[in-house]
Amino acid sequence: MPELPEVETVVRGLKKSVAGETITAISIKPTARVFPRPDEFSRKIKNASFETFSRRGKNILLGLSNGYTLWVHLKMTGHFYYLPKSTPTGKHDHVVLTLKNNDHSLRFNDYRRFGYLKLFPTSTLHNQKGLAELGPEPLTFPCDEFVALCKSKHRMLKPALLDQTFIAGIGNIYADESLYLSRLHPMRLTDSVSNKKLAELHGHIQSLLKSSIKLMGTSVDTFAGVNGQPGKFQNYLKVYGRENKPCERCGKSLTRQKIGSRSAHFCPKCQRNSR
Ligand SMILES: [Zn+2]
């Protein structure tokens, strides 16, 4: 699933491609997951222009000129593609937005169809379920507050980092990578870790996310930017997807273990579960 750096890459790509563009026609297939229902959705966004481009956690927020915001979650395989109008509509292009001033259209493509597009008045957007309960943004969350948050909970590190109400935007890849760099076992309890170690973890989370954004995200699955280009951060992963390969630090085989409902990748030697 696209995580913070991938979603940020999409937001930046959208801004570059469609800022100020007006939506003149909307085509929604019955396979699309949109809210409200397609006829109302289309009526509300027709003739609106894209004005603001932002992200909250893994959510894309596109502010329109008519007081509405288009809220998009890519989920597993959602993509935005900005393509010449002449490109035939693909099987998985569920929503196609025709733009006024150029010869391109914006398409929402989603092979697995978990992604969605929702429309809300901008004034009530942040009260909506799915946005209202999100935790802090890791790139702007101060270190001392992160440490205090971890100390206030008694739960395993990995599931906590994945919990969007704990901290927003981190998924399996950046959770595993930041715990590896911090030499923390994914099952360590948040309140059992020293302040110094938690500060270290906070630093690794921020630097990983920033480095990945610079490289346009991680493409281990189907992720690609709005221009169709894959990211490059997969070349720098130390543990994610590397089970049974040697740890770069100690040479021991990296392991993959189910923790909660998700699998965690870590080094059993460098990341001991000592409490
Ligand atoms: Zn190791």
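Me: Why is M216 called buried?
Reply: A residue is called buried when 20 or more other C-beta atoms, placed from the backbone, lie within 10 Å of its own, exposed when there are 12 or fewer, and partly exposed in between. M216 has 23 other C-beta atoms within 10 Å, so it counts as buried. The structure is a predicted model, in which local features need pLDDT of at least 70 and side-chain atom pairs count only at pLDDT 80 or more, while totals for chains, interfaces and linings use all residues. Residues are numbered from 1 along each chain as its sequence is written.

Me: What makes the peptide bond between F35 and P36 a cis bond?
Reply: Omega is about -5° for the bond that joins F35 and P36, and this bond is cis. P36 itself is found in the loop between β2 (34–35) and α2 (38–45).

Me: How do you know that the buried residues of α6 line one face of the helix?
Reply: The residues concerned are L198, L201, H202, I205, L208, L209 and S212. Seen down the axis of α6, they fall within an arc of 135° (taken from the directions from the helix axis to the C-beta atoms), so they line one face. An α-helix has 3.6 residues a turn, so residues three or four places apart point the same way. On the other side of α6, K196, S207, K210 and S211 are exposed. The buried residues of α6 pack against α1 (4–18), α3 (143–151) and α5 (172–181).

Me: What span does α6 have, and what span is expected?
Reply: With its 20 residues, 195–214, α6 reaches 29 Å from its first C-alpha to its last, which is close to the expected 28 Å. That expectation is 1.5 Å times one less than the number of residues.

Me: Why is α5 described as largely enclosed?
Reply: Eight of the 10 residues of α5 are buried, so the helix is largely enclosed by the rest of the structure. Those residues are I173, Y174, A175, D176, E177, S178, L179 and Y180, and what covers them includes α4 (157–162), α6 and β11 (262–266).

Me: Why does D176 count as buried?
Reply: D176, which is placed in helix α5, has 27 C-beta neighbours inside 10 Å and therefore counts as buried. Leaving aside neighbours within four places in sequence, D176 is in contact (C-beta atoms, placed from the backbone, within 7 Å) with V239, Y240, A264, H265 and F266. The C-alpha atoms of D176 and V239 are 6.8 Å apart, although 63 residues separate the two along the chain.

Me: What makes the chain divide into domains, and how do they meet?
Reply: An automatic or database domain assignment supplies the bounds, giving domain 1 (4–127) and domain 2 (143–266). The C-alpha centres of the two domains lie 29 Å apart, and the contact takes 18 residues from domain 1 and 19 residues from domain 2. On the side of domain 1 that touches domain 2, α1 and β6 (78–84) are the elements that give two or more residues, and α1 gives the most, with nine.

Me: Why is the chain called as compact as a globular protein of its length?
Reply: Six helices and 11 strands make up the secondary structure of the chain. Its radius of gyration, taken over C-alpha atoms, is 20 Å, close to the 19 Å that the globule rule (2.2 Å times the number of residues to the power 0.38) gives for 275 residues, so the chain is as compact as a globular protein of that length. The C-alpha trace spans about 60 × 35 × 30 Å along its principal axes, and buried residues make up 40% of the 275 residues.

Notes
Helices (H or I, at least four residues) and strands (E, at least two) are DSSP runs, numbered from the N terminus. Two residues are in contact if their C-beta atoms, placed from the backbone, lie within 7 Å.
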